Amino acid sequence: MSEHHMHGQLNNSSDQHLRSTHRDDTGSTTLLFGGQPSPLQGDATEKVAQLGQAGEACLEIGDNAEPDVVTGTKWNAVQFVAAADLRAENATDKDPDSLYAWMVIFACLISLMLSIGINDAYGVYQQHYQLTEFPNATTAIISWIGTTQFLVMCVGGTFSGFLCEHFDTRVMSAVGAIVMGVALIAGSFCKSVQMLMLTQGLLYGIGASFPFVAGTSIPTQWFTKRRGLATGIALSGSGLGGMWMTSATQSLIDSVGRPWAMRVTGIVACVAVLAISPWMRVRLVPSKSEKIIDWSLLRDVRFNLFLGAVVFAVAAYFGPFYQIPSYSVVVLHKSANWGTNMDTLMNGLSVLGRLAVGFLADFTGPLNLFIINTVLAAASLLVLWVPFDSVGTLIAVDLLFGFAIGGIVSVIPVVAAQVFGLARLPSIIGLLFIGYFIGGLLGVPPMSALLDDVGHRTDYTSSIWYMAILPVCSLLFSIAMRFLLTRNLCTRV
């Protein structure tokens with residue numbers, strides 16, 4: 001088999017991609033490429049062995065297909081996906097695309113609403129710390145509380161992806177819920193930025209990483225027909241959480257003070273995530289790997305380009321959420337509540353962006369939509385925010401950037417699932433979390449440092465320019481990835 005290529009239904013188009021696997025009543029597995037059965041049908045174990053025989057199997061998907069080197073074996077990307085999904089075993093007897101699957105989506109929505117949603121609302125705390133509680137602390141130091149939250153979620157997410165492959169995701173979500181609640185309640189008693197970094201930042205990030213990674217990676221496993229829409233609905237939870245948590249947090253701070261605002265938030269997050277934990281379960285369990293991170297993907301050029309696009313997209317994500325509330329007060333001379341409402345508006349538009357992209361991804365292709373939304377995000381900052389400093393243009397930035405960035409983060413796991421396979425998605429997401437971590441470091445900290453050192457906490461120009469460059473970099477990486485996958489501009493990919 002080392003000198004032969006598989007032909008048949010895969011020969012007629014280089015743009016057909018692996019979408020899912022189907023396991024029939026006899027236990028056989030059919031790989032679906034572009035929605036049609038491939039020649040690889042039969043016992044899963046036999047076909048995996050067939051793919052790996054002699055270490056040189058090559059499944060041709062077009063005239064220019066070339067084998068990649070993956071874990072020492074000459075496989076191209078489609079084979080890599082095939083091997084991973086064929087090794088997968090059903091973790092439950094529940095059917096995909098069923099009512100139970102939609103219950104899982106609802107659980108993921110709530111999970112993300114109260115994990116990443118609370119982090120999205122950190123701009124309210126940033127504004128309160130910067131203008132009221134710690135006026136002598138630098139913006140960069142204060143921003144590290146929220147940045148630490150996200151960075152630790154990414155690091156924890158890398159490990160929790162491994163844990164979700166080896167342990168019950170329902171238990172991991174429940175443990176995370178308890179740690180989240182304890183972290184916020186402990187943070188309510190802190191009186192210094194350093195202690196808040198340890199509690200609201202570090203400890204909360206550890207707890208939130210489990211429901212975060214589960215809520216991000218599970219939805220794509222439960223759907224074969226409307227995967228993009230289902231994933232978009234689940235991931236809209238973070239935008240919904242950021243939307244109502246932003247307003248609720250500001251109201252609580254105004255009425256009962258920052259300590260009690262954190263206690264109430266901690267109790268709500270703990271109880272709600274505990275309640276939905278029984279539905280946070282995977283459908284496919286891949287063969288057990290002893291590796292915490294599957295580094296073999298880094299040998300695939302296409303994955304490296306995708307990882308680069310994700311890094312810069314995540315770097316661009318939090319800047320406007322963190323800086324618009326204080327920008328509204330310092331530059332536009334609006335009230336603190338007005339600035340908070342701008343964050344609420346942006347989170348609301350990000351929900352619409354997630355839902356719209358989730359719906360359209362099934363028709364136009366997730367990578368295509370990633371590129372389109374990156375263009376919109378870059379345009380909102382370069383064309384609207386950089387040259388203007390008026391109320392009207394800031395509202396326009398809120399609307400366009402919120403919609404675009406919501407679509408970007410929503411479609412990332414869909415792209416990963418379609419191009420690199422469903423079964424290993426928790427491990428793939430775990431590797432992407434390293435990209436999220438790097439993006440977190442490249443995002444808010446440099447922006448805040450520019451505001452402190454160049455803008456002297458009043459001139460946001462240099463910070464806004466930096467924010468605008470990030471989605472442009474993401475766009476370049478994603479276009480290069482698409483070019484390697486297919487050069488046909490009309491292909492759904």
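**A tour of the helix packing**

Helices α9 and α10 are oblique to each other, where angles under 35 degrees count as roughly parallel, over 145 as roughly antiparallel, 65 to 115 as roughly perpendicular and the rest as oblique. The model is predicted: local features need pLDDT of at least 70 and side-chain atom pairs count only at pLDDT 80 or more, whereas totals for chains, interfaces and linings use all residues. Residues are numbered from 1 along each chain as its sequence is written, and side-chain values use heavy atoms, with hydrogens and water left out.

**Stop 1: α9 and α10**

Select α9 (227-256) and α10 (258-276). Their axes cross at roughly 140° and come within 7 Å; axes are lines fitted to C-alpha atoms, for helices over the stretch in contact, and angles run from 0 to 180 degrees between N-to-C directions. The crossing is right-handed, a term for the near helix being turned clockwise from the far one by less than a right angle, with anticlockwise giving left-handed. From α9, display W244, M245, T249, L252, I253 and V256, which meet R258, W260, A261, V264, T265 and V268 of α10; contact means heavy atoms within 4.5 Å. This contact holds 9 nonpolar, 2 polar and 1 charged residues. Ala, Val, Leu, Ile, Met, Phe, Trp, Tyr, Cys and Pro count as nonpolar, Asp, Glu, Lys and Arg as charged, and the others, Gly among them, as polar.

**Stop 2: α7 and α10**

On the α7 side the contact includes S173, A177, M180 and L184, and on the α10 side M262, G266, A269 and V273 are among the residues involved. By class, the contact divides into 12 nonpolar, 5 polar and 2 charged residues.

**Stop 3: α3**

Next select α3, residues 99-113. From its first C-alpha to its last, this helix of 15 residues reaches 21 Å, close to the expected 21 Å, that is, 1.5 Å times one less than its number of residues. Because 11 of the 15 residues are buried, α3 is largely enclosed by the rest of the structure; buried means under 20% relative accessible area, exposed over 50% and partly exposed in between (1.4 Å probe, protein chains only). Among the buried residues are Y100, V104, I105, C108 and M113. They pack against α4 (116-120), α8 (193-217), α9 and α10.

**Stop 4: α12 and α14**

Move to α12 (residues 336-364) and α14 (residues 391-420), whose axes are 6 Å apart and meet at an angle of about 40°. These two helices are therefore oblique to each other, and their crossing is right-handed. Their contact comprises 16 nonpolar, 6 polar and 3 charged residues.

**Stop 5: G440**

Finally, centre on G440 in helix α15 (residues 425-442). With a relative accessibility of 7%, G440 counts as buried. Show T147, F150, L151, V314 and P445, which G440 touches when residues up to four places away in sequence are not counted. A313 is 127 residues from G440 in sequence, yet their C-alpha atoms are 9.8 Å apart.

**Whole chain**

Zoom out to the protein chain, with its 17 helices and 7 strands; these are DSSP runs numbered from the N terminus, helices being H or I of at least four residues and strands E of at least two. Of its 493 residues, 60% are buried. Among contacts between residues at least 6 apart in sequence, 80% join residues at least 24 apart.
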